[in-house]
Structures are given as structure tokens and as C-alpha cells.
Amino acid sequence: MHRVHALLCLLCLLCGPAVSAASDAEIFSLVDTLRPTAEAISIDGDLSDWGAIPFFADPAGDAGADPARDIISVAIAPVSDGLLFAAETVGGLPVQGAFSVGLDFARGPRPDIRIYFAPPRGRHTLLIYNDFGLPASFTTISGLNLATGAQAIEIEIPYATLIAALPFDLAVALLPALHRSWVRGQVSNESSFFGTSVDQSPSIASYRLLETPYPLDPPLPIGIENAGAPPIELDFPGDGRWFVGQGANGSITHQGAWSYDLVVLNDNLDPSDPLDSLNNEDYFSFGKPFFAPASGTVTVAIGSNPDQQPFSPGFVNNEVQISTPGGHSVRLLHAKQNTTLVGVGQEVDRSVQIAEVGNSGFSFQAHLHVDVLDSTGTHPLAFRNVAVDLNPIDDPWHRQVESWQPREGFFATRIPPPLAIDIDIKPGRDRNAVFVLSRGVIPVAILGSDTFDVLDVDVTNPLLPGDRQGLAFGPNGALPIDRICEHGFRSRHRAKRRGGDRRWQDRGEDDRRGHSRRRSREEDDDDDDEREEDDHGEKDRDCVATPFLRDVNHDGFMDLVSHFRTEDTGIAVGDTEACISGQTYEEVEFEGCDSIRTFPACGLGFELAFLLPPLMWLHGRRRRRGRY
């Protein structure tokens with residue numbers, strides 16, 4: 001009997017849910033969704049067939065003194081045999097002046113080429129840039145397809161046409177086996193041929209809409225020091241969204257080294273306003289705080305050297321170096337004068353501010369240089385817990401990764417750790433027993449305190465598990481089963497969310513007290529033996545979670561109690577803690593964990609109701625055989 005019992009428990013464990021996740025899966029899904037639409041686009045001046053292809057609004061407004069030439073929004077669709085551009089404009093293609101498209105497809109964030117479209121439109125001008133982003137040569141190009149409508153411009157640029165017109169080093173970057181996984185472009189209305197820009201669109205990027213999966217990031221450099229070594233993981237050193245302006249083995253500096261330049265840019269990928277200003281204060285990065293990427297001991301702290309004028313690099317840096325317990329030195333260069341907050345010999349924790357970004361040392365403009373050193377040179381590095389984007393705002397290709405090795409041309413944003421809160425699983429019980437195969441519910445209390453008001457918790461139910469909005473419990477991110485979807489209650493909740501105090505305690509005292517009484521009775525039942533059925537469906541976005549308030553630990557602060565189906569949580573036998581996560585109405589993310597004891601619910605549950613009779617019959621039969 002004991003062997004049978006053990007076998008049944010093992011089978012119960014092996015049948016538990018398996019959880020897997022890929023950070024790139026949503027991007028691949030979007031590529032696969034958009035590809036058929038993009039391949040079917042006709043270049044006819046009509047934007048109606050662009051469907052769900054992302055369009056990016058131009059934040060600059062009208063085109064100065066000539067609003068008729070304003071670019072309203074733009075889109076790019078890199079398909080199997082070429083690039084498609086669309087621009088929504090006020091007046092279509094200008095009769096006077098020119099229209100241009102700049103492309104970056106090979107060498108980092110700077111433009112590789114710009115194509116000028118001007119009458120006669122059969123032959124256009126192709127301007128080629130060098131590694132420094134400066135015009136180097138130009139030639140004519142034909143075979144491009146351009147169509148205009150009343151308020152639209154559509155352009156098709158075949159890869160074959162570009163390959164035939166480009167120098168070899170750029171042409172190979174468009175070959176199917178070698179091309180980068182993404183393309184960035186920008187359209188402009190020009191005052192005249194090779195003239196100044198009347199209006200520029202934002203600089204936008206798209207992953208190539210080809211068969212997936214493929215690497216979303218360009219390949220790492222090869223043939224440089226410590227190539228192939230595992231990356232040293234660091235915290236991202238800046239707040240907000242930063243652009244990787246130059247990466248390892250860069251085209252200007254960083255040759256043969258794993259070094260990175262981080263800079264703050266606007267929608268046009270400009271580092272300053274006005275562009276190319278000679279005043280440090282005009283640069284978006286200048287004066288931005290930066291933080292220790294790792295814990296350790298400060299070995300270098302220099303902060304007294306002056307910041308030089310942009311485009312006049314010096315040779316004496318303000319810098320900070322931190323020696324880590326692993327034997328590496330994290331180096332941060334170009335700090336602003338007199339902003340260094342640490343000293344040599346000081347122990348610092350990661351994410352502590354250490355200085356501000358400046359323009360000291362060998363620097364053409366304000367930026368932050370980051371690398372990791374030891375006696376063998378620089379090492380590959382990776383940033384922990386960052387959001388990665390191709391576009392500066394509203395990026396459809398946004399992804400969050402636990403570890404990312406930087407690449408030129410991407411935006412990166414540090415994801416701050418969630419606010420730590422206190423919770424109590426199965427409040428009022430010490431054991432916190434969870435029978436992982438039961439069909440019960442688990443109550444979880446978010447504990448209020450003088451620093452955390454549970455009334456600020458966003459209890460709106462998310463559409464799907466994993467959404468940022470709402471509460472999620474356990475490894476699988478189970479959704480609360482406490483919810484009400486009646487029309488009147490939902491409408492009042494919406495009204496409060498739209499204006500005034502949106503906190504859910506204002507959604508109606510009668511509803512909340514009545515629901516509290518209902519849930520209080522349920523809590524008195526055995527949560528592991530009962531299952532509450534949700535009559536409203538898990539994908540109803542309009543439903544609102546309706547947990548109840550109670551001071552479960554009798555400390556004078558109201559606590560928030562929600563319930564989760566055990567089978568949805570993903571808790572497995574052997575787990576010793578479970579966590580709940582969510583965010584406040586101010587979008588501050590939080591997380592809290594509590595200890596649990598897990599049991600497989602085998603041997604004493606419903607299994608023996610079916611197995612005990614035949615096992616008893618076999619046992620009796622063997623005894624009877626022993627008598628004769």
C-alpha cells in the first residue's frame with residue numbers, strides 16, 4: 001500500500017503544469033501578424049491598405065512657415081524584397097523643393113544613405129554617408145517606386161536596386177544572409193534639392209517582416225579581446241530612456257573593446273536642441289544623474305576637471321571606477337565637473353547615485369561611457385532588467401529582458417525593482433498549507449501600513465495573465481477571482497477612473513460592504529476544499545476586482561484580501577514561498593512574498609475514493625489465497 005501511495009504521489013507531481021516564457025515571443029507574433037498585410041501593400045498613394053502597420057505621429061507640429069508641407073505621421077514596412085515607406089502629409093508631394101528618405105540599415109545609429117526625390121522623378125539622388133555620419137559621396141539611382149495622393153506619399157525601395165547602387169561595404173548589409181534584423185528611416189520635406197529641412201518626421205524603426213524566428217539583436221562583435229567570455233551583469237546606470245549611441249568595436253572609437261556610449265535623444269535622434277549646439281546645457285544628457293551599476297569599492301573618483309565645449313574634446317576625464325567582488329572594475333567616464341558624490345575607498349551599493357553626466361575628457365558631446373575592465377582588457381557586459389526599444393516613444397517592438405547585451409541603435413530603460421510590501425497568505429493561519437492539486441482557493445492579504453495604503457492598489461482585472469495592470473499571484477500570475485461585472489457597478493468604477501479620486505474605495509460603500517460580508521463567510525470555509533466559480537469570464541476587461549477590506553493582523557491599518565484559484569497559481573510541491581505582484585493607480589509596481597507549505601493532495605483526497613475499493617479487494621484476495 002505504501003508503494004502504491006508513493007507512486008500515485010509521483011504521478012501527481014509529474015502531471016503538474018509546465019511554465020515557459022520567451023521574451024521575444026510577442027515580437028515574433030507581431031511580425032507574423034503584420035507580414036501578410038505588408039506584402040499586399042500597393043504603392044498607389046492610398047494608405048488604406050497599410051492596415052495595422054504601425055504609424056508614428058510627428059510631434060513637431062506644422063512645418064514652420066509652410067504648414068501645407070507638414071508631415072503628420074510616417075510608417076515603415078521592411079518586406080522580403082524591399083522597403084516600403086508611407087508618409088501622411090497635409091499637401092502630398094511638394095511641387096517645389098524635394099522629399100527625402102534617410103536610411104540606417106548597417107552601421108549603428110547614424111544614417112547610411114539618404115535618397116532625394118525631386119523632379120524629374122524617374123532618376124533620384126542617392127547620398128552616401130561615412131562612418132562619422134557625414135556626407136561622403138552621391139550618385140543617381142532609378143528603379144524606385146513613388147506614388148502620391150492628396151495627403152499621402154508612398155515609396156518602395158527595392159533591395160536589388162540599392163545593392164546595385166551602393167558601395168560593396170554597404171551593399172553586403174542588404175544581402176539576405178547578412179542583413180540586420182531591423183531598419184530605421186526618416187522622411188523629410190526639404191526646402192530645395194540638398195536644402196535645409198522644412199519638416200522632418202520622427203526617426204522610426206521596424207524589425208524586418210520576414211519569416212520568424214530570427215535574432216532580434218545584431219550579432220556581437222567578434223575578434224576583439226575576451227570575445228566569447230560570459231558577460232559581466234550590471235544594473236543599468238541611468239534613469240529614463242537612453243540610446244546606445246556607440247557600442248563595442250564602434251566606428252569612431254571603442255575599436256577592439258567592449259565599451260558603450262549612452263546618450264539621451266529626442267524623437268529625431270537628436271542629442272540637443274538646437275542641433276549641434278556649442279552649449280553643454282542644450283544637450284539632453286548633460287546633468288543627468290547616473291548610478292552605480294554594481295556594488296563594490298570605489299578605486300577612482302575624479303570630479304574636478306572642467307567640461308569642455310561640444311566638439312572640442314579634451315584628454316582629462318572626470319570618472320568613477322568601482323572594484324567589484326568578482327575582481328573586475330566598472331568604469332564610468334565623462335562625469336560633469338564637481339558632481340561626483342563618492343570617494344576613493346568608499347563602499348557603494350548598486351543603484352546609488354554617484355555623479356552626473358558631463359562632457360569631460362575625450363568627448364564630443366555630453367554622454368556616459370561604460371565598460372568593465374580587468375588585467376586582460378575590457379569584458380563583455382550585460383544590463384539586468386531593462387526594457388529594450390527600437391523607437392523612442394510608443395514602440396510596438398518594446399520588450400523587457402532580464403539580461404541584455406547592449407547593441408548600437410537601441411533604446412534601453414532601467415526597470416526599477418518593485419516596491420517590497422508585506423502580505424499574509426491564508427491570514428489567521430500559521431501553516432499556510434497549499435494542496436497544489438486541489439480545486440480550492442487561496443486567500444492572500446496585502447497588508448497596509450503607515451507607508452503603504454492598500455486603497456491605492458489598482459484592482460482592475462487585467463485582460464490576460466501577465467498584463468501589467470491588476471494583481472497576479474504565484475508563478476503563473478493567477479488572476480483574482482473576486483470580481484463584479486454588473487453594469488451599474490462597472491459604470492461607477494469607470495467614472496471614478498476617468499476623473500477625481502480614482503481609488504476603488506469610492507466606488508460605492510454599499511457594494512463594498514455587501515461584498516465584504518459575502519467573502520467573509522467564504523473565508524470561514526475550508527479554502528482548499530471549495531472552489532468559487534467565476535460567472536463572468538476571465539477575459540472581460542470591464543470587470544473590476546472586488547477584494548474586501550479587513551484588518552487581518554489587527555494593527556490598526558486596513559488590509560486588502562483577494563482570492564486565487566489554487567490550480568491557476570502554478571504553485572508546485574517543494575515551493576517554500578509564493579508572491580503577489582501588482583501596481584498602484586500611480587503605476588508604482590510592488591511585490592510581496594510569504595512562506596508556504598506545499599502538499600500534493602495525494603493519498604487522503606479524492607484519489608482513494610476510486611482506488612481504495614479495488615486495492616482492498618486485491619488485498620483480501622491475497623489473504624484468502626494464503627489460507628488454502
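Trainee: In this predicted model, which residues have the most contacts inside the largest nonpolar core?

Mentor: The largest nonpolar core of the predicted model has 58 residues. Its largest share, five residues, comes from α2. Those with the most contacts inside this core are Ile53 and Tyr207.

Trainee: Which residues does Tyr207 touch, leaving aside those up to four places away in sequence?

Mentor: Residues up to four places away in sequence are not counted here. Among the residues that Tyr207 touches are Ile27, Val31, Pro78, Ser181 and Trp182. The list also includes Tyr214, Leu216, Leu390, Trp397, Arg399 and Phe410.

Trainee: How many residues does the other core have, the one with Val101 and Phe105 among them?

Mentor: This core lies apart from the largest one. Ile128 and Leu174 are also among its residues. The number of residues in it is 31.

Trainee: How many salt bridges are there, and which residues are joined into one network by those that share partners?

Mentor: The count comes to 13 salt bridges. Salt bridges that share partners join three residues into one network, namely Asp24, Asp217 and Arg399.

Trainee: Why are Asp32 and Arg35 separated by about one helical turn, and what is the N to O distance in their salt bridge?

Mentor: Both residues belong to helix α2 (residues 25-39), and because they are three residues apart there, about one helical turn separates them. Asp32 is partly exposed at 31% relative accessibility, and Arg35 is partly exposed with a relative accessible area of 24%. Their side chains meet in a salt bridge with an N to O distance of 3.0 Å.

Trainee: Are Arg184 and Asp104 buried or exposed, and how far apart are their closest N and O atoms?

Mentor: Arg184 lies in strand β10 (residues 182-190) and Asp104 in strand β4 (residues 98-104), so the pair links distant parts of the chain, 80 residues apart. Both Arg184 and Asp104 are buried. In the salt bridge they form, the closest N and O atoms are separated by 3.8 Å.

Trainee: Which partner does Asp389 meet in a salt bridge, and how many residues apart in sequence are the parts tied together?

Mentor: The side chain of Asp389 meets that of Arg241 at 3.6 Å, N to O. Asp389 counts as buried because its relative accessibility is 1%, whereas Arg241 is partly exposed, with a relative accessible area of 29%. Since Asp389 lies in strand β24 (residues 381-389) and Arg241 in strand β14 (residues 241-246), the parts tied together are 148 residues apart in sequence.

Conventions:
Residues numbered from 1 in each chain as written. Predicted model: local features only at pLDDT ≥ 70, side-chain atom pairs only at ≥ 80, totals over all residues. Heavy atoms only, no water. Salt bridge = Lys/Arg side-chain N within 4 Å of Asp/Glu carboxyl O. Helix = DSSP H or I, 4+ residues; strand = E, 2+ residues; numbered from the N terminus. Buried < 20%, exposed > 50% of the residue type's maximum accessible area, 1.4 Å probe, protein only. Core = buried A, V, L, I, M, F, W, Y, C linked by side-chain atoms within 4.5 Å. Contact = heavy atoms within 4.5 Å.
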